[in-house]
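The sequence and structure come first.

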Amino acid sequence: MRSVSELAELAGVTVRTLHHYDEIGLLRPSGRTPAGYRLYDHDDLLRLQQIMFWRELGFTLAEIASALDDPDYDRAEALRDQRAELARRHDDLGLVLKAVDQALAELEGGPQTNEEEMFVAFDHSQYEDEVKERWGETDAYRQSRERTKNMTKAEFDRLAAENESFVRRLAEAFEAGAAADGESAMDLAEEARQAIRQFYECSHEMHVNLGEMYVTDPRFTATYDTHAEGLAVWFRDAIRANADRAGAGQ
């Protein structure tokens, strides 16, 4: 049996997160000490691992709870599904890594990169299709399209500059050692959420989902980690903590 602090350290989550999971019935400890402190057994750890697998894939806590508590839930089948999705994302990252290796090889005197292959990893047309497929029927997508359709290039350039400045401030806080669940990091996360609301209504839960995408999609991870390695994960954790602070259940 492990205490809540021992499990938090083992899993790399905060004690507050485990408390929250208990409060919403997502992960209830199997035991208690005579003083009433939480104790977790091996089955509890397996359930937490499942929760964290689904979180890495961008699922909400409500979706995870619904799946895990389904009488027909099959852990082995779930693991196979999770592995397949992670393998797909690994393949996407592999395209980017291949492009980097080819570019480096050419710079170091190797063969010239095939021009037909140079930009395969950056085929943005497929992203537009992906956006429509994943969010095209949502209110957020419609709001964003409506609010940006009349923006000028100067306005887009201003927004891009503001975003770049914000990411630099994120990196500075991260490199200064700010805790992801500290006030300064959570305030930055909330600032980011409010900025998104220029385009569509972004709830805390939606922001958490975006945060997951920042670490599971290499295209987004690169936006942050080029400023400081590990920044994307830290920002994701700050977004989660900010949602907890707001009582939004991450």
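## Helix α4 and its neighbours

The buried residues of α4 pack against α2 (15–23) and α3 (42–56). The model is predicted, so local features need pLDDT of at least 70 and side-chain atom pairs count only at pLDDT 80 or more, while totals for chains, interfaces and linings use all residues. Residues are numbered from 1 along each chain as its sequence is written, and side-chain values use heavy atoms, with hydrogens and water left out.

Helix α4 spans residues 61–68, and L61, I64 and L68 are buried in it (buried means under 20% relative accessible area, exposed over 50%, and partly exposed in between, with a 1.4 Å probe and protein chains only). Viewed down the axis of α4, the buried residues fall within an arc of 60 degrees, so they line one face of the helix; the arc is that of the directions from the helix axis to the C-beta atoms. On the face of α4 turned away from the buried side are the exposed residues A62 and S66.

## The chain overall

The protein chain has 12 helices and 3 strands. Helices (H or I, at least four residues) and strands (E, at least two) are DSSP runs, numbered from the N terminus. Of the 250 residues in the protein chain, 34% count as buried. Among contacts between residues at least 6 apart in sequence, 60% join residues at least 24 apart, where contact means heavy atoms within 4.5 Å.

## Packing of α9 on α10

Helix α9 (residues 183–196) packs with helix α10 (residues 204–216) at an angle of about 105 degrees, and their axes are 11 Å apart. That makes α9 roughly perpendicular to α10. Angles of 65 to 115 degrees count as roughly perpendicular, under 35 as roughly parallel, over 145 as roughly antiparallel, and the rest as oblique. Axes are lines fitted to C-alpha atoms, for helices over the stretch in contact, and angles run from 0 to 180 degrees between N-to-C directions.

From α9, residues A189, E190, A192, R193 and I196 meet H204, H207, L210 and Y214 of α10. By class, this contact of α9 with α10 has 5 nonpolar, 2 polar and 2 charged residues (Ala, Val, Leu, Ile, Met, Phe, Trp, Tyr, Cys and Pro count as nonpolar, Asp, Glu, Lys and Arg as charged, and the others, Gly among them, as polar).

## Salt bridges

The structure holds 13 salt bridges, each a side-chain nitrogen of Lys or Arg within 4 Å of a carboxyl oxygen of Asp or Glu. One of them pairs D22 with R32, the closest N and O atoms being 3.3 Å apart. This pair links distant parts of the chain, with D22 in helix α2 and R32 in strand β2 (residues 31–32), 10 residues apart. D22 is buried, at a relative accessible area of 6%, whereas R32 is partly exposed, at 46%.

R169 forms a salt bridge with E191, and the closest N and O atoms are 2.4 Å apart. Here too the pair links distant parts of the chain: R169 lies in helix α8 (residues 153–175) and E191 in helix α9, 22 residues apart. R169 is partly exposed, with a relative accessible area of 34%, and E191 is partly exposed, with 35%.

## A salt-bridge network

R236 and D237 form a salt bridge whose closest N and O atoms are 2.7 Å apart. Salt bridges that share partners join R55, E212, R236, D237 and R240 into one network. Within this pair, R236 is buried, with a relative accessible area of 7%, and D237 is partly exposed, with 26%.
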